[in-house]
Amino acid sequence: MMLKELSGALADVGEGPQDERRNSVELLNKILEVLSRKDVGDTFQHIQKIVTSLLRTINCTVITMGREHTLISRVVACMTAILSQMDDQHYSSYIETFSGTSDLVDFLMETFMLFKDLIGKHVYPSDWVTMIMVQNRVFLRAINIYADTMNHKFLDNNNFEVQLWNNYFHLAVAFITQESLQLQHFSPTKRNKILAKYGDMRRLIGFAIRDMWYKLAGNKICFIPGMVGPILEMTLIPEEELRRATIPIFFDMMQCEHKHAGNFKKFENEIILKLDHEVEGGGGDVRYMELLQTILLECAQEYAPLLSEVRSFVSLVTGLLERLLDYRTVMSDDSRNNRMSCTVNLLNFYKDINREAMYIRYLYKLRDLHLDGENFTEAAYTLLLHSKLLKWSDEQCTPQVDFQCPQSQRQLKESLYSTIISYFDQGKMWEEAIALCKELADQYEMEVFDYELLGENLKQQAKFYENIMKILRPKPDYFAVGYYGCGFPQFLRNKVFIHRGKEYERREDFQGQLMSQFPSAVRLNTTTMPGDDIKNSPQQYIQCFTVQPVLEIPPRLKNKPVPDQIINFYKSNYVQRFQYSRPVRKGKVDPDNEFASMWIERTTFYTAYKLPGILRWFEATSMTHTTVSPLENAIETMSNTNEKILTMINQYQCDETLPINPLSMLLNGIVDPAVMGGFAKYEKAFFIDEYTQEHPEDKEKLSRLKDLIAWQIPLLGRGIVLHGKRVTDDLRPFHERMEECFKQLKKKVEKEYGVRELPDMDDRRSTRPRSMLRSVRQSICSLAGSECGTPTKPHPDNVSLDLAVPLTPTSLPRSSGSISVVDDTGHEHEVRLRSKKKKQKQGRGSMIFISEEKERTSTLDCKRLSKKQEFRSDTNLSEPSEESSLANSNSRSLPTITGLSLTVANGSEEVESARIRRDSKSMSVCLPSDRTSDRRSKGVITLLFKTRLSSKPEEGKTAPDSATEKTSTRF
């Protein structure tokens with residue numbers, strides 16, 4: 001009677017009055033306390049009645065009660081006390097009380113879910129270790145007894161209950177993996193006390209799981225791949241004996257699926273997915289990887305049909321575990337770079353094995369790391385990889401990333417593009433942003449016909465184009481970093497990486513930050529490759545030095561007039577080759593002139609991918625070594641100096657707000673011998689008879705060096721003129737001294753190496769900015785050939801003759817800055833380039849002069865051709881035309897540039913008088929008549945010119961008799 005009343009009261013514990021609920025629980029507690037005593041006689045029947053009347057009621061009460069209920073711990077304690085006082089006969093008798101199979105299945109499933117819930121969320125404080133361990137011991141005994149019941153009643157095919165067995169396995173794994181049983185986290189003293197009193201319950205339940213699995217026989221396929229994750233979680237427990245007992249279950253799963261489907265792809269996919277989550281959460285170690293590899297291969301030896309597939313699987317899982325363990329190791333330290341490297345290793349691995357969902361998962365992890373470090377360019381490239389997996393279609397996206405709502409691939413790709421464009425904008429990578437804008441614009445215009453979005457898109461493109469031309473983008477430095485020694489992780493050990501620095505980041509700052517990530521590392525002060533003693537050392541050694549990116553001109557920009565703002569971008573972006581030059585001394589050393597014996601050892605690094613990319617650094621996959629001779633080094637240095645002067649002149653012409661100091665330092669360092677000595681050291685080293693006799697093969701290189709020196713004079717002159725316009729009064733004496741030094745230098749160089757003249761770039765015919773740098777760089781900076789070890793740029797001064805009467809093209813060597821042309825009469829004409837004389841008549845200052853007798857349409861065609869030729873030759877990217885008739889004209893002459901005059905060099909008095917007459921009345925120039933075909937030409941249009949020596953009937957004029965007279969033609 002009392003048990004019946006108590007059963008009803010316990011059923012209402014969760015909702016009844018507070019006092020009545022407390023009293024009911026206290027009464028049951030007192031009864032169980034009395035029955036647990038040894039001096040009360042036989043209690044079997046009393047406990048049996050309590051179990052029959054109250055056990056299931058208490059189970060249901062605990063299930064329905066909230067974990068915040070004040071009496072929950074007392075009710076659970078009562079349930080634990082009942083189970084602890086039950087012996088095997090009590091369990092058997094109670095199980096027999098269920099009338100049918102379904103009722104027993106319901107009870108077992110209720111109990112398994114209840115136990116799993118209580119194990120996952122203890123109702124006792126975490127420091128109540130004794131109470132928790134007592135509850136675990138009671139639960140373990142109950143689980144094993146109920147497992148025996150399942151073996152007897154629900155194992156054969158007729159009565160097999162898949163869900164019941166599934167609940168059992170999940171309960172057993174939850175029990176074995178609960179935090180309170182992970183003894184490795186306890187202190188040695190606490191661990192020893194628990195083992196002495198309760199034993200290692202993980203081992204007991206683990207062996208039970210193994211036995212239950214093998215009893216399933218043909219029903220195992222029902223739990224593949226669902227049980228792969230729970231079994232993996234169990235095998236990752238760092239207990240050697242338990243691992244050895246449970247890892248063979250994996251091979252049994254592979255064998256079972258292979259028999260059923262001919263492969264074990266489901267098992268493989270599931271274990272890769274679960275392994276990623278478990279190792280990231282802290283499970284697994286190197287020892288587990290070794291055991292997994294060894295045990296699976298041993299099992300496969302006894303089953304030949306699976307041997308090759310198991311080997312492939314083991315190799316796959318081993319590679320994944322290595323990367324996952326590296327990733328987990330670095331995620332706990334402060335090095336964001338290492339976390340990024342390991343993330344990229346993982347996403348590349350998942351890409352290689354075609355696991356798209358995991359690949360995308362790590363793409364977004366990498367994106368988040370980049371945003372934390374404000375690496376917007378790299379974040380954009382990372383998201384771009386996801387966008388490439390999507391199509392411009394209305395298909396629904398697969399649920400791979402946690403987006404807010406289902407959407408089509410088109411919607412997701414458009415959203416990604418918008419984000420990526422924003423990142424590229426913040427990273428000042430407007431070229432990439434424009435490319436994506438164009439793709440979006442094509443969709444708006446041709447596919448979805450959203451002209452409003454199209455208009456916004458085009459406005460955005462216009463803004464990006466404007467930014468490219470107007471906003472300064474500092475060039476980042478690049479650093480080679482070598483990690484040597486066995487003390488580094490595997491993904492860094494004995495490897496060299498090329499790092500892209502941030503804006504204005506110095507090597508010292510970069511190196512300091514690098515060393516802070518590895519405080520125990522030793523910095524190597526040399527730039528040579530260390531020996532095996534350092535590579536095999538257990539220590540850490542870091543080598544860091546600056547490297548120079550090698551420009552790779554995009555094919556679409558070659559042979560075209562590219563402004564400096566555009567081409568400068570490619571000098572430090574989209575690069576995959578990097579060079580480091582180290583000076584060495586060879587041969588006889590002259591203490592007064594180091595250049596004569598200064599050789600250059602050049603190392604070229606090739607990275608796995610172009611920079612920038614999804615990382616700010618990439619591994620150098622290969623290296624090459626070359627040697628540059630002293631003369632080649634001199635040519636290279638002079639070429640770089642000339643280009644530096646050109647670049648700075650261009651900058652100061654375009655921006656009047658720039659401070660004058662950098663220009664002052666550059667010019668003064670060259671023209672004032674007291675500062676740097678200029679190129680006098682080169683002259684003493686190479687322009688002597690002794691060197692010429694010892695190195696006859698360097699004749700062409702010596703000519704190149706002389707030509708570079710000669711071209712430096714007009715560059716310096718243009719720079720000093722600019723400096724004079726911008727210099728302040730307090731620096732006027734400094735400027736005057738610099739002018740005086742320049743006059744002396746100019747006189748000396750022009751006497752020895754000839755005169756070079758730059759075009760007058762003050763004329764601005766249109767609103768389009770024109771760079772002097774583009775016009776003349778090839779002739780004055782890039783004369784060094786490929787044998788000098790520098791990038792070879794062709795000479796654009798080749799001239800094509802396309803006349804009505806065919807001529808015999810001839811090119812004769814002449815004085816510096818001039819070329820010789822033989823006309824159809826056999827007369828030779830030497831012409832050289834000089835600055836144009838400005839005409840008073842508007843519209844002719846920088847165009848080809850055309851006779852006033854020509855019709856207006858002919859004039860327009862001539863100007864159009866001239867403009868086209870200017871575009872072709874006015875660039876540092878042009879290549880030699882295959883159609884050129886003067887294939888080997890003097891390399892030291894300036895390319896044909898609009899607005900220059902072709903004058904006779906060193907001509908006679910008759911020639912001078914002819915030039916004076918020409919200045920008073922321009923001579924007629926005949927250009928090709930077929931303008932249409934010329935405009936359609938896709939090749940390089942070379943400026944054409946012809947010296948008219950024959951009469952022109954249509955103009956009613958007769959050219960002077962010039963059998964012996966050389967004529968000057970003005971362009």
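# A walk through the predicted model

Leave aside the neighbours within four places in sequence, and Tyr-168 is in contact with Phe-112, Ile-143, Ala-147, Met-150, Ala-208, Ile-209 and Met-212. Keep in mind that this is a predicted model. The largest nonpolar core has 200 residues. Tyr-168 is among the residues with the most contacts inside this core, along with Leu-83, Phe-250, Met-253 and Tyr-350. Which helix gives the largest share of this core? It is helix H16, residues 307–331, with 12 residues. There is also a second, separate core. This one has 38 residues, including Leu-663, Phe-686, Ala-710 and Leu-722.

Phe-250 and Met-253 are among the residues with the most contacts inside the largest core. Both also take part in the contact between helices H13 and H14. Two packed helices are described by the angle between their axes and the distance between the axes. Helix H13 covers residues 248–261, and helix H14 covers residues 265–280. Their axes are 8 Å apart, and the packing angle is about 145°. From H13, the contact uses Phe-250, Met-253, Met-254 and Glu-257. From H14, it uses Lys-265, Lys-266, Phe-267 and Ile-271. Sort these residues by class and you get 5 nonpolar, no polar and 3 charged.

Now turn to charge. Side chains of opposite charge can pair when their charged atoms come close. A search of the whole structure finds 40 salt bridges. One of them joins the side chains of Arg-287 and Glu-240, at 2.8 Å from N to O. Where do the two partners lie? Arg-287 is in helix H15, residues 286–301, and Glu-240 is in helix H12, residues 240–246. The pair is 47 residues apart, so this bridge links distant parts of the chain. Glu-290 forms a salt bridge with Arg-287, and their closest N and O atoms are 3.4 Å apart. Here both residues lie in helix H15. They are 3 residues apart, about one turn of the helix. Glu-290 is partly exposed, at 36% relative accessibility.

Compare a pair in helix H22, residues 451–470. The side chains of Lys-470 and Glu-466 meet in a salt bridge at 3.2 Å, N to O. These two are separated by about one helical turn, because they are 4 residues apart in H22. Lys-470 is exposed, with a relative accessible area of 64%. Glu-466 counts as partly exposed, at 36%.

Next comes helix H19, residues 376–387. How many of its 12 residues are buried? The count is 10, so the helix is largely enclosed by the rest of the structure. The buried residues are Thr-377, Glu-378, Ala-379, Ala-380, Tyr-381, Thr-382, Leu-383, Leu-384, His-386 and Ser-387. What do they pack against? Their partners are helix H18 (356–372), helix H20 (409–426), helix H21 (430–446) and strand E2 (495–500).

Last, look at the backbone in some loops. Most residues other than glycine have a negative phi, and most peptide bonds are trans. Some spots here depart from that. A cis peptide bond joins Ile-224 and Pro-225, with omega about 10°. Pro-225 sits in the loop between helix H10 (201–214) and helix H11 (228–235). The loop between H10 and H11 also holds Ala-217. Phi of Ala-217 is near 55°, a positive value in a residue other than glycine.

Another cis bond runs from Leu-611 to Pro-612, with omega near 0°. Pro-612 is in the loop between strand E6 (598–611) and strand E7 (617–628). Lys-428 lies in the loop between H20 and H21, two of the helices that the buried residues of H19 pack against. Phi of Lys-428 is positive, near 60°. At 26% relative accessibility, Lys-428 counts as partly exposed.

Methods
Residues are numbered from 1 along each chain as its sequence is written. This is a predicted model: local features need pLDDT of at least 70, side-chain atom pairs count only at pLDDT 80 or more; totals for chains, interfaces and linings use all residues. Side-chain values use heavy atoms; hydrogens and water are left out. A nonpolar core is a set of buried Ala, Val, Leu, Ile, Met, Phe, Trp, Tyr and Cys residues joined through side-chain atoms within 4.5 Å. Buried means under 20% relative accessible area, exposed over 50%, partly exposed in between (1.4 Å probe, protein chains only). Contact means heavy atoms within 4.5 Å. A salt bridge is a side-chain nitrogen of Lys or Arg within 4 Å of a carboxyl oxygen of Asp or Glu. Axes are lines fitted to C-alpha atoms, for helices over the stretch in contact, and angles run from 0 to 180 degrees between N-to-C directions. Ala, Val, Leu, Ile, Met, Phe, Trp, Tyr, Cys and Pro count as nonpolar, Asp, Glu, Lys and Arg as charged, and the others, Gly among them, as polar. The expected span of a helix is 1.5 Å times one less than its number of residues.
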